[in-house]
Amino acid sequence: MKIMFIGESWHIHMIHSKGYDSFTSSKYEEGATFLLDCLRKRNITIDYVPAHVVQTQFPKTLEELNKYDAIVISDIGSNTFLLQNETFYNLKIIPNALSLIKEYVAQGGGLLMIGGYLSFMGIEGKANYKNTILSEVLPIQMLDYDDRVETPEGITPDIKNPEHAVVKDINNWPIFLGYNKTVEKENTDVVATIGGDPLLVFGQYSKGKTACFTSDCSPHWGSQQFMAWEYYDELWVRILTHISR
C-alpha cells in the first residue's frame, strides 16, 4: 500500500521578552512523525508532504496522484491547496489541487481527513473545507463556523458498530481532548461517535472510498493515552486498508 500523507507540520515564531530587551526565535515541527513511523513499520509506503511543501510541489496531474492507494489530509487548511505560490504571487493559472483530489477519489482512490485545528472548518472557520469542492466528497457535512469541541476533561468514544472490520476486537478506547464537530451524510457508515457526533465515519464517492476521523492523530487532541494505546497503529492500518483502492 502506498499513501500520500499531507499536512501535520507548522512553523512557530516566538517572542522572548526579558525585562527591557526582547528577541525572537523560530522552530519547525512535524506532528505526524509517530504515526508515520508506525505505518512504515507495518509495511505501508508513505510519501510525506509537509504543509509548506504543498504550496510549491503538490502534483499538477491526476496521473501523479494515481500512484497512491489513498491520500490523507491532516490539519492543513484549504487555502494552502487553493493559493499556491504560482497563483497567489505570480498570478499563474494552475490546476485546482482539490479538484484533482476529487477526481482521484471518483476514479477509485481513497481519501481520509483527520481532525485538527485546520481540518474540516477548524479554528475560526479558517480551514473552510465546507466551501470547497471536497465537501461533495467527504462523508460528513460541515458546520458554517468554528467547529472545534474542546474537552480538557477528556472524552471517550462510543463504538456504534463493534463488528465493523475496522474496529472489530479493538477495545479499551482511550480518551481524547477534543474533536471537530460534523454531521454524517445519508448512506454513510458511522462506526464510532464522540460526544454524540461522528468520530469515525466511512463513505463512498463514485468509485472511491472515503473516511473521516474527526479527532487528532497526535497531540493535543490525540491524548497521551491515545498515543500509547495498544491498538493505535492497528486502527490506522485498518482505516487505510479499508479505503485504499
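Cys 212 has a relative accessibility of 0% and so counts as buried (buried means under 20% relative accessible area, exposed over 50%, partly exposed in between, with a 1.4 Å probe and protein chains only). The model is predicted, so local features need pLDDT of at least 70 and side-chain atom pairs count only at pLDDT 80 or more, while totals for chains, interfaces and linings use all residues. Residues are numbered from 1 along each chain as its sequence is written, and side-chain values use heavy atoms, with hydrogens and water left out.

**Cysteines**

- The count of disulfides is zero, where a disulfide is a pair of cysteine sulfur atoms within 2.5 Å.
- For Cys 212, the nearest cysteine sulfur belongs to Cys 217 and is 14 Å away.
- Cys 217 is also in no disulfide, and its nearest cysteine sulfur, that of Cys 38, is 11 Å away.
- Cys 217 counts as buried because its relative accessibility is 1%.

**Whole protein**

- The protein has eight helices and 14 strands; helices (H or I, at least four residues) and strands (E, at least two) are DSSP runs, numbered from the N terminus.
- The radius of gyration is 18 Å, which agrees with the value near 18 Å for a compact globule of 245 residues; it is taken over C-alpha atoms, and the globule rule is 2.2 Å times the number of residues to the power 0.38.
- Along its principal axes, the C-alpha trace spans about 60 × 45 × 40 Å.
- Of the 245 residues, 51% are buried.
- Of the contacts between residues at least 6 apart in sequence, 68% join residues at least 24 apart; a contact means heavy atoms within 4.5 Å.

**Helix α6**

- Helix α6 covers residues 97-106, and eight of its 10 residues are buried, so the helix is largely enclosed by the rest of the structure.
- The buried residues of α6 include Leu 98, Ile 101, Lys 102 and Tyr 104.
- Elements packed against by these buried residues include α3 (62-65), β5 (70-74), β6 (110-114) and β14 (208-213).

**An exposed loop residue**

- Glu 186 sits in the loop between β11 (182-184) and β12 (189-194).
- With a relative accessible area of 72%, Glu 186 is exposed.
- Glu 186 and Met 113 are 73 residues apart along the chain, and their C-alpha atoms are separated by 18 Å.
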